[in-house]
Amino acid sequence: MKAAIIGAGMAGLTVASILRAAGYEATVFDKSKGTGGRLSSRSYGSGWIDHGAPYFSANLPYLTDFLSENLPAGKLQHWQGLISGQLRSDEQLQAVGVPRNSAITRGLLGDQPFQPSTRIARIEPGAEGWQLYNDGDSLLGHWPLVIVAVPAPQALMLLKDQQRFAEQIRGVRMEPAWVAAISAGERRYRLPEVAVFQHPVIRRIVDNSAKPQRGNDNVYLVQAQKDWSQQHLEDPPEQVGQQLLHSFRALAGHSDDDRLLFVHRWRYAFTEKPLGHPFLWDKQLKLGVCGDWCLGRRVEDAWQSGADLAVRILAQLDREI
Ligand SMILES: Cc1cc2nc3c(=O)[nH]c(=O)nc-3n(C[C@H](O)[C@H](O)[C@H](O)COP(=O)(O)OP(=O)(O)OC[C@H]3O[C@@H](n4cnc5c(N)ncnc54)[C@H](O)[C@@H]3O)c2cc1C
């Protein structure tokens, strides 16, 4: 059976990988240029900067087995940096992708058809299955099975006509986070690899260069506090970047050659109030929805949601094929 998967983050690519193993032909769409979603990485110099989740925990049964079975060797590595401050449950360290976090989602995609830079603006039921339209309102094709694996507010835009799903998704709340990548030049700060703060502006600083094979020296990823990010959500990125650089210097120390590399706004960074079910699924419509926000706010939640949905699809649809 053919399937369209909207969203090439951990949840969408977990579904894609399980369906492919069962013989489905999945086409994956993402509005971004590559895979990863909130587990994305950007190239910088001769290496990479992870500007979404800097690392993740992998305590769930079957998660590490799944990743080691489905990823090329060496793409997942245990990482345990030095920590200062009290980490929340969604900030626990354990694993990173190598040489970048998005190597994990890229590895899960494998050779499956992928349409990057394609924002799905509309999905509609048609005589031959679900019709997907891009944001230029061009019809991209028909698929009997569609999986929506995007953050809750973006899922709601696609599913507003599916009353049963829309009602439930409306109860989910997500929160933003601004992040900035800062190069410290020649200087190494006396910061541990992961530092969390009770600071009005900065929540976490992660030493990107301490992770395996990032290829850059002295690059730090600074994550702003939730409330600060919310208050400055619509501010110009350059202004936000300068404020984050200023606060970084206050916490880490000033250096003449430190500089802001880029700033990124994650409008839907973390789940504030989850759905409370691992996924949404309608067997008659052949329409499924998954994502971290179904269960929580971690990469592990995204994986669990995608894996549970894929297992349900196989259990129900395979009997019909
Ligand atoms: C700054 C930051 C720090 C974090 N730190 C941690 C951490 O330390 N530990 C941890 O476990 N988790 C952390 N997280 C959370 C973690 O990244 C997420 O829980 C997880 O990556 C979500 O995966 P997902 O597949 O559910 O969604 P996403 O990764 O958001 O994937 C959804 C994809 O859908 C695409 N998309 C959206 N709308 C459309 C559309 N209309 N058409 C096509 N494509 C679309 C998006 O481009 C995206 O690629 C962090 C997140 C951020 C932003």
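Is Arg88 buried, partly exposed or exposed? Arg88 is partly exposed, because its relative accessible area is 32%. Buried means under 20% relative accessible area, exposed means over 50%, and partly exposed lies in between (1.4 Å probe, protein chains only). Accessible areas come from the Shrake-Rupley method with a 1.4 Å probe, and for residues only the protein chains shown count as cover.

The model is predicted: local features need pLDDT of at least 70, side-chain atom pairs count only at pLDDT 80 or more, and totals for chains, interfaces and linings use all residues. Residues are numbered from 1 along each chain as its sequence is written, and side-chain values use heavy atoms, with hydrogens and water left out.

Salt bridges come next. The structure holds 20 salt bridges. Each is a side-chain nitrogen of Lys or Arg within 4 Å of a carboxyl oxygen of Asp or Glu. Arg88 pairs with Glu91 in one of them, at 3.3 Å from N to O. Glu91 is buried, with 1% relative accessibility. Another salt bridge joins Arg122 and Glu124, whose closest N and O atoms are 2.4 Å apart. Glu124 is partly exposed at 29% relative accessibility. Arg122 is also partly exposed, at 28%.

A further salt bridge connects Arg297 with Glu175, with 3.3 Å between the closest N and O atoms. This pair links distant parts of the chain, 122 residues apart. Arg297 sits in the loop between strand E19 (287-289) and H8, while Glu175 belongs to strand E13 (residues 173-183). Helices (H or I, at least four residues) and strands (E, at least two) are DSSP runs, numbered from the N terminus. Arg297 is partly exposed, with a relative accessible area of 22%. Glu175 is buried, with a relative accessible area of 6%. Salt bridges that share partners build one network from Arg88, Asp90, Glu91, Glu175, Arg203, Lys226, Glu272 and Arg297.

The C-alpha atoms of Glu175 and Ala269 are 5.9 Å apart in space, although 94 residues separate the two in sequence. Ala269 lies in strand E17 (residues 259-273). Ala269 counts as buried, because its relative accessibility is 11%. Glu25 and Gly47 give another spacing: they are 22 residues apart along the chain, and their C-alpha atoms are separated by 33 Å. Glu25 is part of strand E2. At 52% relative accessibility, Glu25 is exposed.

The interior was examined through its nonpolar cores. A nonpolar core is a set of buried Ala, Val, Leu, Ile, Met, Phe, Trp, Tyr and Cys residues joined through side-chain atoms within 4.5 Å. The largest one has 41 residues, and Met10, Leu19, Phe56, Leu67, Leu145, Ile147 and Ile313 touch the most other members. At least two residues of this core come from each of strand E1 (2-6), helix H1 (10-21), strand E2 (25-29), helix H2 (63-70), helix H3 (102-109), strand E12 (145-148) and helix H8 (299-317). H8 gives the largest share, nine residues.

Helix H3 is largely enclosed by the rest of the structure, because seven of its eight residues are buried. These buried residues are Ser102, Ala103, Ile104, Thr105, Gly107, Leu108 and Leu109. Just after H3, Gly110 has a positive phi of about 55 degrees. The loop between strand E7 (95-97) and H3 contains Pro99. Val98 and Pro99 are joined by a cis peptide bond, with omega at about 5 degrees.

Asp137 has a positive phi of about 65 degrees. Asp137 lies in the loop between strand E10 (129-134) and strand E11 (139-143). Its relative accessible area is 46%, so Asp137 is partly exposed. Lys286 has a positive phi of about 55 degrees. Lys286 is in the loop between strand E18 (280-282) and E19.

On the surface, Glu186, Asp217, Asp256 and Asp257 form a patch of negative charge. Patch residues have over 30% relative accessible area and no salt bridge; like charges are joined within 9 Å, and nonpolar side chains (Val, Leu, Ile, Met, Phe, Trp, Tyr) within 5 Å. Asp and Glu count as negative and Lys and Arg as positive, whereas His and the chain ends are not counted. The place of a charge is NZ of Lys, CZ of Arg, CG of Asp or CD of Glu. Asp217 occupies the loop between strand E15 (202-207) and strand E16 (219-224). Asp217 is exposed, with a relative accessible area of 66%.
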